[in-house]
Amino acid sequence: MKNFSKLALMALFITSGAFVTSCNDDDDKAAEPASLYAKLGGTTMVADPNNPSQMIEQGRLSYRSVVDSTITLIVSDVLDGEPGNLGQHFAPVLSEALSGNTTNVAILSKNLTDFFSANTGGGATNTYSGLGMVAAHDPAQNPRMGKKSNNAEYDKFIGYVGAAAGLNGVTDPEIIGEVVAVLESLRAPIVQE
């Protein structure tokens, strides 16, 4: 009888705990996983290192930092003539930049930052108004794209993003996994060759 009472008491305790948890809206909200944007700093306002008189959301700054580092790594490999570099993809933008016109590099950075910020929990303050993924990666529809991508080239791009994330202090395996999952979810519309 003693064991039965303990089991009954434990079952009652567990059941009542489950009932209270399921009826409490605050707990439901707390149980929702944080967005990737939130994990990268979210909406906390910080000074913009590119313009210290302005503030920027930490999540957006994190994305912009990784995007800019990714662009730098790609350009470095192109300039160094590294095998398998992505120079053909970015040839139109790179030729302009090497001539001193960095307008399209800035547009590329902004579009990528907008896209990732808006689509990973950046909320109403982050919107993307650029081309859809198919059009953005099709040279026939986007003159800033030099050629269509294949799977190996996209894998290379994901590697650049991973390296850029590490350079910017994003080393948490869970966050890296989420970033890779986002990039993998875009493979089908981006890889067109």
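Me: Which helices supply at least two residues each of the lining of the largest cavity?
Reply: α4 (58–79), α6 (103–119), α8 (151–167) and α9 (173–185). Helices here are DSSP runs (H or I, at least four residues), and strands are E runs of at least two, numbered from the N terminus. α4 gives the most, with five residues. This is a predicted model: local features need pLDDT of at least 70, side-chain atom pairs need 80 or more, and totals for chains, interfaces and linings use all residues. Residues are numbered from 1 along each chain as its sequence is written, and side-chain values use heavy atoms, without hydrogens and water.

Me: What makes the lining nonpolar, polar or charged?
Reply: Ala, Val, Leu, Ile, Met, Phe, Trp, Tyr, Cys and Pro count as nonpolar, Asp, Glu, Lys and Arg as charged, and the others, Gly among them, as polar. The lining divides into 14 nonpolar, two polar and no charged residues.

Me: Why is the contact of Arg 64 and Asp 48 called a salt bridge?
Reply: The term needs a side-chain nitrogen of Lys or Arg within 4 Å of a carboxyl oxygen of Asp or Glu. Here N to O is 2.6 Å, so the pair qualifies. Arg 64 lies in helix α4 and Asp 48 in strand β1 (residues 45–48), so the pair ties together parts 16 residues apart in sequence.

Me: How do you know whether Asp 48 is buried or exposed?
Reply: Buried means under 20% relative accessible area, exposed over 50%, partly exposed in between (1.4 Å probe, protein chains only). Asp 48 has 8%, so Asp 48 is buried. Arg 64, at 15%, is buried too.

Me: What makes Lys 110 partly exposed?
Reply: Its relative accessibility is 47%, so Lys 110 falls in the in-between class. Its salt-bridge partner Asp 114 is buried at 6%.
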